[in-house]
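Hi,

Here is the model I promised to send over. Have a look, and my notes on it follow below.

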Amino acid sequence: MTDHLMGVYNRAPLSVARGQGAWLWDTEGRQYLDCVAGIATNALGHCHPKLVAALTEQANTLWHVSNIFRVPGQEALAERLTAATFADVVFFASTGTESVECALKTARRYHYAKGAPERIDVIGFAGSFHGRTYGAINAAGNPSYTEGFGPRLPGYIQLTLDDAAALAEAIARPTTAAVIVEPVQGEGGARALTGEWLTELRRLCTVHGVLLIYDEVQSGMGRTGRLFAHQWFEGAEPDIMCVAKALGGGYPVAACLATADAASGMVAGVHGTTFGGSPLAMAVALAAFDEISNPNTLAHARDVAEDLRRQLIDLAARYPDVIQDVRGKGLLIGLRMIPNNREFMGIARDHGLLVAGGGENCVRLLPPLNLSHAEAAEAVTRLALACETVRA
Ligand code: PMP
């Protein structure tokens with residue numbers, strides 16, 4: 001068979017036919033427990049009835065009008081997002097990387113509008129991931145994503161998360177515009193920042209007039225058991241935040257949230273997108289938001305995450321030659337592997353369990369937030385079988 005897809009795809013040998021809840025079926029009829037959930041996207045599982053109903057109803061009413069006209073769903077979702085966070089205003093897009101692009105542009109326009117156009121530098125961190133546009137790959141600065149794509153863009157500085165002195169020095173420079181960070185690194189391997197680290201970063205940014213951007217594309221929308229991961233901590237709120245993935249529960253929806261002040265340079269005409277905030281996207285996202293932000297959903301996510309984590313720690317103790325440690329926060333879980341993580345993912349798949357890869361040789365578990373306790377136990381059983389296969 002001729003493959004007409006670009007060579008960039010790096011895929012598992014699995015063609016997916018259908019999904020329901022936390023389960024997927026391939027085209028051969030094999031069933032898998034899905035702890036990838038579209039990479040932390042299908043937070044309510046596959047084909048959630050409320051999302052299906054919202055999409056179907058909207059599809060029979062109005063699909064798309066572009067950003068030339070008002071879309072009532074945008075006002076409604078922006079109201080919910082701002083009521084639930086630090087933010088005053090929202091820009092809707094379709095993908096995480098676009099929400100990052102909007103955040104970077106919002107930060108630079110802020111300083112420009114305040115008469116400080118020399119403030120252009122954006123500080124990012126090793127191990128982070130912000131998407132694949134030029135802005136996003138430069139903000140993260142990971143060479144495996146920038147290599148071969150021409151010169152690195154000026155105005156991006158990469159630091160490490162553990163060099164507090166370098167960070168304080170860089171934030172104090174008069175050319176610094178913003179800092180962008182994931183409160184829990186996802187692609188980098190489920191690395192959770194502490195409340196102390198984030199509150200100190202918040203303090204430094206405030207002192208030096210630098211905007212703080214959180215990329216909660218992966219850690220947000222209930223993934224850690226709070227609506228947003230930074231909300232676990234007091235005094236760690238950002239000025240700008242990127243949200244995507246679970247915001248649409250599997251439908252492409254993204255948002256860049258900001259305080260009114262941080263967004264003060266984003267005036268009519270300086271930014272836009274054709275598809276962002278479409279009626280279809282808003283209908284699904286409103287249904288997803290109401291379900292995910294329901295205190296019962298979040299309480300369940302915390303509960304099942306704790307249950308799963310306890311079982312995974314036990315598993316790591318039983319297979320110390322396979323699993324080095326368990327990390328992450330809530331249902332953004334990383335297992336640092338001793339064998340190659342990619343090989344382990346294939347073995348787990350053979351045992352009917354889908355897991356994602358991650359930096360630092362991690363295997364990530366990103367199940368839907370409504371995973372049942374029985375399904376959590378089943379995931380651990382299948383991981384144990386995979387560990388046995390590694391040993392054999
Ligand atoms: N930021 C983070 C933290 C992400 O995890 C991702 C996707 N893995 C992105 C940005 C990019 O999102 P998208 O693929 O929707 O552009």
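Around the ligand there are 15 residues, and G96, T97, G131, V217 and Q218 come nearest (near here means a C-beta atom, placed from the backbone, within 6 Å of the molecule). Keep in mind that this is a predicted model: local features need pLDDT of at least 70, side-chain atom pairs count only at pLDDT 80 or more, and totals for chains, interfaces and linings use all residues. Residues are numbered from 1 along each chain as its sequence is written.

Helix α4 (residues 96-113) supplies the largest share of that shell, three residues; helices are DSSP runs of H or I, at least four residues, numbered from the N terminus. By class the shell has five nonpolar, seven polar and three charged residues (Ala, Val, Leu, Ile, Met, Phe, Trp, Tyr, Cys and Pro count as nonpolar, Asp, Glu, Lys and Arg as charged, the others, Gly among them, as polar).

The protein's domain assignment (bounds come from an automatic or database assignment) gives domain 1 (16-48 + 295-391) and domain 2 (50-292). Their centres, taken over C-alpha atoms, are 26 Å apart. The contact takes 28 residues from domain 1 and 29 residues from domain 2, where contact means C-beta atoms, placed from the backbone, within 7 Å. On the side of domain 1 that touches domain 2, α10 gives the most, with five residues. That side divides into 13 nonpolar, ten polar and five charged residues.

One more thing: V179, leaving aside neighbours within four places in sequence, is in contact with I123, I171, L201, C205, V210, L212 and I213.

Cheers

Technical notes:
Contact = placed C-beta atoms within 7 Å. Helix = DSSP H or I, 4+ residues; strand = E, 2+ residues; numbered from the N terminus.
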